[in-house]
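Here are my notes for you as you find your way around this one. Keep the structure open and look up each spot as you read.

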Amino acid sequence: MDEIDFKWMPHHEGAVPPAGQGKRISTYTVALEAWRRGLNVQFYSVFDDENSLKVRYSIGNENRVHHFSLSMGDKVTQEAFDVCANKELTKQYLSKAGVPVPEGRMFNENSDEEEIINFAKTMRFPVVLKPTDGNAGKGVFANIQSIDELRGIIPYVRGVLGFKEIIVENYIPGDEFRICVIEDRLLGAMNRRPASILGDGKHSVKQLIDQINQIRKMNPHLTSRLIKKDREVITMLERKGYNMNSIPADGERVFLREKSNLSAGGDAIDVTDELTQNVKNIAINAGKAIPGLFHYGVDMIVDKENDTGVILEVNARPGIGGHLFPMEGKPRDFAKEIIDYYFPETKNDVRSWLFFDFDTVLEPIKNRSAASVQLTPPPNGNIHGKKYIISGKVQVVGYRAWIKRQALLMNLHGYAENLDDGTVLVVVAGTDKEVVEDFKSICFKGPEKAVVENVEQSDWNKPVKIGFDIIQKDYKLTPFDLQRAEKEKERIVQEKEKIEREKDRLNKKYQRVTTSKSWKYTYPLRRMIELLKK
Amino acid sequence: MENGNVTWLTHLEETLPPEGYGNRLSMFLIALEAWRRGIKVNFFTIDNPDNKILVRYSLEYEGKIHRFESSRGDKLTAEAYEICENKHMTKEYLAKAGLKVPNGKRFDITIEHNEIVEYATSLDFPVVVKPLSENAGKGVFSNVDSNENLLETLEYLKNVLGYDEILVEEYIPGTEYRILTINGKVYGAVNRIPANVTGNGTDTIQQLIDKKNESRRLNPNISKKKIKIDVEVLNSINRMGYNLDSIPAEGERLFLRAKSNVSSGGDPVDITDELPSAIREIAEKAAKAIPGLDMGGLDIIINPESGESTIIEINTKPMIGLHVFPIKGKPRDVVKPIVDLYFPETKNKERSNLYFDFEAVLAPLDNISVKQVEVNPPQVEGRLHSSKFHIYGDGNGVAYRNWVRLTALKHGIQGHIQKISSNCYEVIAASIDAEVINNFKSMCYNGPEAFNVTEIEDLHWNKSVNIGFKIKRETEEELRLRIKKEKEKIQHLEEKVFALQSQYKKKLQTVKDLRAGKRELKETIKKLVEEKQELKRELKKKKQENINAEAHLKKMDQKIKQLEQESGELSKKYKNVINSRSWKLTRPLRKLNSARDGKK
């Protein structure tokens with residue numbers, strides 16, 4: 001299971017640094033696309049009322065600058081953004097324009113529970129209860145079957161979760177799709193499936209989960225969103241008569257959770273090809289219904305039988321990670337679409353094969369030292385890459401540092417790494433093919449102390465980080481390493497305490513022996529023996 | 001003097017690590033001073049043919065921008081720069097102003113060397129040979145004492161170091177001073193003592209150099225400027241009749257180099273207050289002699305006997321840290337006048353007690369990813385109230401630290417939280433409003449459910465505070481060091497336990513042995529007692545026997561008496577027989593018998 005193929009778009013392979021994974025994936029991939037085209041990219045911070053930090057970025061081409069927040073650019077008006085942020089208002093706009101939405105009503109904090117219950121009595125069950133301004137499915141209760149069930153949920157959502165404004169609407173069965181649109185063009189659709197495994201008749205549930213997690217780790221969108229084998233999963237399995245060691249039949253899909261959230265182990269699946277023209281039109285009309293909303297995502301329940309659907313929500317800055325990195329289906333490059341839309345003049349520009357180190361770029365902003373950082377543009381032109389493996393006496397002779405100097409001098413990017421077998425791996429990439437190929441002779445030369453025996457070369461077609469890194473496994477401490485070190489430290493402290501206790505115990509014992517009667521009484525004898533020894 | 005520890009200017013404490021920022025120290029000091037006054041600071045990289053990462057910065061206030069390279073700002077005119085870059089030209093300008101400079105001449109070393117030798121001979125050896133334009137004492141040979149030495153040096157300068165033009169100057173004996181002038185006024189003077197070590201009677205020269213380098217590590221200005229053992233150092237040691245393994249006597253001071261540059265291991269000692277006013281005047285005159293020189297580092301040699309001063313050269317990118325972090329003497333805040341010069345309108349602004357994370361700001365520039373970083377300005381002008389406290393408690397520490405950070409940020413509090421032991425967290429908090437800090441403290445006391453605070457201990461804090469609110473972790477090195485120390489402690493304890501254990505075992509064994517000995521003794525005593533009884537019994541027997549024997553003896557005595565009596569009676573009877581007639585009558589018969597026996 002060590003080598004898993006990267007199943008998404010090749011220009012993203014290895015090109016998403018940790019800071020760009022997970023929640024900042026939209027920001028990073030859009031900025032990366034712009035940067036790779038030679039556009040001027042700047043990251044900056046803004047602070048909200050709570051003084052919490054938000055990372056924003058601007059992309060400029062000559063004198064034209066656009067500002068972005070996640071996947072949303074400044075062509076989307078503040079008004080449109082505000083409408084989308086309020087679910088009830090969105091619904092009003094949509095239904096006015098004839099876009100199908102679920103029936104229902106919003107209740108603000110002035111409405112008491114009875115009012116809501118009375119309204120619900122007029123509705124067909126099942127119903128859905130959700131907050132007007134909730135995010136990422138928080139506080140949403142779907143498929144409520146009865147008034148009694150509703151009665152239980154209202155105080156929880158309003159009291160415990162603290163959402164005052166809520167919506168009660170019809171529950172519409174069907175698949176929930178997330179569809180992204182730019183003006184008249186539908187970009188693609190995805191569907192979220194709850195965490196699940198697909199049996200093969202050979203592996204146990206536990207092994208299958210581990211395999212899925214291996215793939216999720218490879219997925220920049222899901223790196224830290226693995227399937228946890230927690231109580232919920234175990235209960236769910238038990239309900240189906242399984243446990244961790246059961247072996248599901250070949251082709252059997254076993255669901256592990258109810259929720260389809262990606263953070264709970266859910267999968268994004270590209271379903272663009274399943275959309276019919278009617279469904280597409282509903283998604284496109286939703287945008288037209290809200291003035292100033294030029295690109296967006298909609299959450300839609302698609303009723304395949306009747307070839308229609310209802311819009312649940314419109315999102316002015318949808319996350320695009322699921323579309324770029326689906327677990328099933330074709331990846332869709334929405335980052336490219338967004339940049340094409342804002343900077344159509346760069347549509348056919350060569351996209352550099354380099355990427356930037358988002359971690360160090362973001363660090364000064366995140367720790368509030370920097371207000372803004374402006375990226376160094378990548379060199380113009382196509383990037384050629386080579387991989388060299390150098391054998392001989394090449395480790396612990398300053399080989400990598402020397403190679404780094406040479407590479408930077410020649411405008412090459414890449415990295416050098418000591419391999420366990422005593423060789424050094426060097427990856428270089430640059431715009432001048434000849435320089436990249438000639439670098440082999442540089443590898444051969446090496447610093448004075450090195451004795452190079454052989455240089456093996458092969459092509460390198462994956463993206464390369466700008467600059468030149470010396471990869472030091474031992475020294476690069478990630479937060480994870482720090483955590484581990486901290487744990488190690490704690491362990492040591494505990495051990496120390498244990499030993500101290502042990503010491504005390506022994507000391508006491510020793511004391512006891514020395515003060516014991518028999519010890520005292522035998523003193524003359526001992527004295528005699530000592531004298532005898534002399 | 002052997003100790004690299006520095007006296008810190010209060011406002012700089014905490015703002016930078018003791019190991020400093022190497023050659024970027026001047027940049028940091030000036031940028032920080034400006035930033036603290038509300039001047040906008042931008043760091044950026046510039047393109048260059050060698051693709052080196054060259055970081056520059058700009059300071060901007062109310063529309064006015066100044067650019068800097070290290071300590072050199074754009075008020076320095078092109079003319080002044082040119083004059084100071086060319087050491088010969090510098091001397092011309094100074095001489096014209098009536099200041100003493102060393103006699104010397106410039107030469108092109110790519111052509112004939114004969115002329116140079118001739119000139120040097122005319123100056124008298126030793127002479128100084130140095131490149132025409134170079135910084136930080138690079139390529140300077142200050143003690144060339146013979147023709148051969150000169151030729152060698154010239155070859156070296158030409159072929160190895162690759163210089164074309166050089167200066168040959170007379171050697172000026174005396175003490176070298178570095179004087180910093182800003183806008184024509186002296187702000188600091190240090191005596192740079194060439195790289196040296198002082199013997200202690202036990203360490204070798206090598207060890208002394210290592211120790212000295214180790215002590216320099218804790219001075220931000222010189223932590224990376226170690227004494228390297230190169231040809232020059234080895235030569236100096238040889239000249240003194242030593243080698244690296246020699247052990248100099250206690251108190252013996254060895255000078256390892258002729259040149260005093262801090263970058264080659266020299267010690268800067270502040271002497272601003274002792275600087276004679278005459279020299280101060282000369283320095284100020286010299287600074288004014290160079291048109292357009294906003295700030296300069298003057299190298300002056302003063303003859304200790306005559307008091308005469310000679311100006312060697314003027315540096316337009318002087319090392320600021322020399323004056324801020326001298327190895328001895330008073331630290332001087334020479335940064336303030338520099339920023340005052342560039343932004344006089346901010347002169348009276350109260351300086352913020354915040355600082356920014358220089359390392360994080362420069363990291364993306366260093367790895368090429370970023371071209372420019374704009375430093376986040378301190379949100380409020382002037383000093384913030386600051387406080388330090390320790391929070392004791394237990395529970396989910398990670399969650400607690402995150403919670404404290406978010407709460408601090410929400411209330412505009414800057415500072416950090418750091419775990420300092422298993423149940424104690426250190427918090428530094430700064431805010432414009434002291435009340436806000438107090439409220440924050442009580443919020444920390446109540447905290448989230450996952451953590452139970454038992455006590456908050458107030459401590460004093462008047463050092464600087466970082467911008468933003470950090471969950472501070474030990475740096476890699478600190479962590480490593482701590483783990484190493486803990487491990488050592490554990491090992492020590494383990495050894496102790498082991499020692500105690502074996503001691504205990506030994507005692508236990510002794511006790512056992514003694515017990516066994518005691519048992520044995522008892523046994524022996526028992527045996528002895530038995531033996532005694534046996535003997536007693538025997539004695540009794542013997543006594544009995546004795547009595548018996550005495551009785552027997554008595555009997556014997558009686559028998560003897562009886563026998564004596566009997567024998568008396570028998571002798572009487574015998575006399576009677578002899579005197580009887582029958583015996584007399586038978587005498588001839590007996591005589592015959594005996595004669596017959598005699599013949600036989």
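A residue is called buried here if 20 or more other C-beta atoms lie within 10 Å of its own, and exposed if 12 or fewer do. Keep in mind throughout that this is a predicted model.

1. **Start with helix α1 of chain A.** Which residues of α1(A) are buried? They are A:I25, A:S26, A:T27, A:Y28, A:T29, A:V30, A:A31, A:L32, A:E33, A:A34, A:W35 and A:R36. That makes twelve of the twelve residues, so α1(A) is largely enclosed by the rest of the structure. After the helix comes A:G38, with a positive phi near 90°.

2. **Now try helix α5 of chain A.** The 14 residues of this helix (147-160) should span 20 Å at 1.5 Å a residue, and the 20 Å between its end C-alpha atoms agrees. Its buried residues are A:L150, A:I154, A:V157 and A:R158. What do they pack against? Their neighbours are α4, β6, β7 (141-144) and β8 (166-170) of chain A. Following α5(A) is A:G162, which has a positive phi near 80°.

3. Most residues other than glycine have a negative phi, and most peptide bonds are trans. With that in mind, look at the bond between A:F125 and A:P126: it is cis, with omega about 0°. A:P126 sits in the loop between α4 (113-121) and β6 (127-131) of chain A.

4. **Two positive phi values outside glycine.** A:V396 is not a glycine, yet its phi is positive, about 60°. You'll find A:V396 in the loop between β18 (384-393) and α12 (399-409) of chain A. Is A:V396 buried or exposed? It has 10 other C-beta atoms within 10 Å, so A:V396 is exposed. Over in chain B, B:E62 has a positive phi of about 45°, and it isn't a glycine either. B:E62 belongs to the loop between β2 (54-61) and β3 (64-69) of chain B. B:E62 is exposed because it has 10 other C-beta atoms within 10 Å.

5. **Where the chains meet.** In this model, 47 residues of chain A are in contact with 48 residues of chain B. On the chain A side, the elements giving two or more residues are α11 (358-366), β17 (370-375), α12, α14 (479-515) and α16 (523-533). Which element gives the largest share of that side? It is α14(A), with 18 residues. By type, the chain A residues touching chain B divide into 21 nonpolar, twelve polar and 14 charged.

6. Take a look at β17(A): five bridges join it to strand β17 (370-375) of chain B, and the two run antiparallel. For one pair to locate, A:Q374 has B:Q372 in β17(B) as its bridge partner.

7. B:K96 is in helix α3 (87-96) of chain B. With 9 C-beta neighbours inside 10 Å, B:K96 counts as exposed. B:K96 and B:A289 are 193 residues apart in sequence, but their C-alpha atoms are 8.3 Å apart in space.

8. **How the chains are divided up.** Chain A has domain 1 (10-71 + 338-374), domain 2 (195-265), domain 3 (384-471) and domain 4 (492-533). The C-alpha centres of domains 3 and 4 of chain A lie 64 Å apart. Chain B is split into domain 1 (10-71 + 344-374), domain 2 (103-171), domain 3 (198-257) and domain 4 (385-471). For domain 3 of chain B and domain 4 of chain B, the C-alpha centres are separated by 46 Å.

9. **What confidence does the predictor report?** Chain B averages a pLDDT of 84, and 96% of its residues score at least 70. Among the elements of chain B, strand β7 (141-144) has the lowest mean pLDDT, 73, while helix α1 (25-36) has the highest, 94. For the complex, the predictor gives an ipTM of 0.70 and a pTM of 0.73.

Terms used. Residues numbered from 1 in each chain as written. Chains lettered and ligands numbered in written order. Predicted model: local features only at pLDDT ≥ 70, side-chain atom pairs only at ≥ 80, totals over all residues. Helix = DSSP H or I, 4+ residues; strand = E, 2+ residues; numbered from the N terminus. Domains from an automatic or database assignment. Expected span 1.5 Å × (residues − 1). Contact = placed C-beta atoms within 7 Å. Nonpolar A, V, L, I, M, F, W, Y, C, P; charged D, E, K, R; others polar. Pairing = 2+ DSSP bridges. pLDDT = per-residue confidence, 0-100.
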